Amino acid sequence: MTSGDERPLQPLTGPIDAVIRVPGSKSLTNRALITAALADGTSELTGVLFADDTEAMLDALARLGVDLRIDRVRNVVQVQGLAGRVPEGPVSLDARLSGTTARFLAPLLALGAGPYVLDGSEPLRARPMGDVLDALRSLGASITDLAQPGHLPVQIGGGGAGEAGIRGGEARLRADVSSQFTSALLLSAPALAGGLTIRLDGLVVSRPYLELTIAVMDAFGVTVERPDDDTYVVPPAIYRAARYAIEPDASAASYFFAAPTIAGGRVRVEGLGADAIQGDMALLEVLAQMGATVERGEAWTEVRCDGELHGVAVDLADFSDTAQTLAAVAVFAATPTTIDGIGFIRRKETDRIAAVATELARTGILVDELADGLRVHPGTPAPATIRTYDDHRMAMSFALLGLRAPGIVIAEPGCVAKTFPTFWEVYDSLRTGGNGVDRTSVNPSMRVIAIDGPAGSGKSTVARALAEALDLDYLDTGAMYRSVAFAALRRGVDIDETDAVAHVAREFELRMEPGGVVKVDGVDATIEIRGPEITRAVSVVAANPGVREEMRSRQREWATRHGGGVMEGRDIGTVVFPDATLKVYLDASPEVRAERRSQEVTDLSYETVAADIARRDAFDQGREHDPLRTADDAVTIDTSNLSVDQIVAKVLDELGARDA
């Protein structure tokens, strides 16, 4: 998770070599939740995405009375279905920013007597709902506009007709605005006593999403008939409870499929193979046309690129969520790229055509804004702060520019939580590929002093003094790991539950304020994180690979934001900043280190502290991920018989010699 209003990005210095996994599909998650809620019996959904859009759906279903058992650690949700019967209101539901939640819920609510109030945040209120609402009215639903006609908020049911829900029949829908309207009607159609026939008018956009909807319905036992391309016939039926595996999100994967076309090298995405059913996988064909090599196995897809990219002309009507991704790739092609067929994305979270044109122009890239798309001319992006318009796809697609172009800053980076809360963590993993070698290009003007060493070697005291002497900021990385332990224990999470603790590390809020004040989720934890309970837990927490990955990301972000600084820990010079201005490894005899610690922790005997020091040394040096070791080019200082001033003087002398 990324906090703060801006996220500066550092380009890579070499090609990518990474194997990654993205979270579950938002589209499949919300479709499966609706079908499972209407099914008869208990369904189990695996691979569930937990993000703002899906949390909105989960919360709405729970408020309606659907029994949900949620396991966020294992990404599993068990749903006790309603067997097609929606409980009466009054109930008020908040779809937040989620278009799929609002649109999929409207027909489901029309099945019940109401009254139900369906609303959302201001950006969602601006998005069109009229087509699905008008279709429901044509089927007999009682719907009252509570503000602007055709938009949220609305009241569904409770109109005094004396009949619970709509019965079905035939509905007509425009097909050129959003496939979500058609999917919404399809998902609830089996619960209509008379079934439903849907006839589409005009050019169908995003047709693969309709196929996705039909595939989910089929998995829960309902078959949709297709007498012709623009007609869908759904018989009355009750969904059958099922165990349904949600595949990784192809839209989320698109950014990582695109990454090697920009930075070179290869990226393999696990879990999305040759049998993936999501339409956004079609982006792979476009990347291959541009010059990338694409290979798909049974449970993985790999993109490689080591040569020149060529511009293309492509209609993205069927996989428009990848338009912004392709626009970012097009910047680095040898010839212009034309993207058309996507005029309808002007009515998404923002006007995505205008937003992409505006932000690329901000970096100096020439873009022709077309009525139905974009023409992107190749160029070298200049440093710029990218506005994201509270649109998750703007943040994630423009982050691709930062893999190669220096000076790219993403404003409001937290908006990725709408569909991909761990995006920045996965993005940062492109720099290591899982092998611990950071491929970040360190800004030459950014001065990082990395101090590593075992417990009791004097790291914290020396680092603070050195930061003051150099007029640099100081980051207590030990406090960061202690804060994760504090947050986990405060939430009742067992520190031995690796995945659960890593989840806490990604999600909790950490503020490190002047004077050493540490706030965890808004609570002042400055004193408590130094207590014996946290001290006992922190070694286990700090050895958690998921925690270390998240903390590395936050440490790099901190250094970038502060223009460098003095950082101490156990992997600062070896993993976090292998290109640091200066690496220092402090050590001292075990006896001296134990004596120092016993003076700090007055309620424990010297023997107890000495035993703990020995245990931590063995643990830190023997752990599988990021073991404590001396960087090859580090300056090693034995602090056993030196004062803090003497140690700082040695470090300053070394810096002076290097600067000379």
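Pro115 turns up in the loop between α3 (99–110) and β7 (116–119); helices (H or I, at least four residues) and strands (E, at least two) are DSSP runs, numbered from the N terminus. The peptide bond joining Gly114 to Pro115 is cis, with omega at about -5 degrees. The model is a predicted one, so local features need pLDDT of at least 70 and side-chain atom pairs count only at pLDDT 80 or more, while totals for chains, interfaces and linings use all residues. Residues are numbered from 1 along each chain as its sequence is written, and side-chain values use heavy atoms, with hydrogens and water left out.

Another cis peptide bond sits between Gly89 and Pro90, with omega about 5 degrees. Pro90 belongs to the loop between β5 (76–80) and β6 (91–94).

On to the helix packing. Helix α1 (residues 26–38) packs against helix α6 (residues 179–188) at an angle of about 25 degrees, their axes 9 Å apart. Axes here are lines fitted to C-alpha atoms, for helices over the stretch in contact, and angles run from 0 to 180 degrees between N-to-C directions. On the α1 side, Arg31, Ile34, Thr35 and Leu38 meet Ser183, Leu187 and Ser188 of α6, contact meaning heavy atoms within 4.5 Å. Sorted by class, the contact of α1 with α6 comes to three nonpolar, three polar and one charged residues (Ala, Val, Leu, Ile, Met, Phe, Trp, Tyr, Cys and Pro count as nonpolar, Asp, Glu, Lys and Arg as charged, and the others, Gly among them, as polar).

Next, the sheets. Strands β10 (residues 169–174) and β11 (residues 196–201) run parallel and are joined by six bridges; strands pair if DSSP finds at least two bridges between them. Glu170 has Thr197 in β11 as its bridge partner.

Elsewhere, an open sheet of four strands has the order β2-β15-β17-β16, with mixed pairing. Its edge strands, β2 (16–20) and β16 (293–296), each pair on one side only. From one strand to the next the twist averages 10 degrees. Helix α8 (residues 250–263) packs on this sheet and touches β2, β15 and β17, its direction making about 170 degrees with that of β15. Strands β15 (residues 265–270) and β17 (residues 300–305) pair in the antiparallel sense over six bridges, with Gly265 opposite Cys305 in β17.
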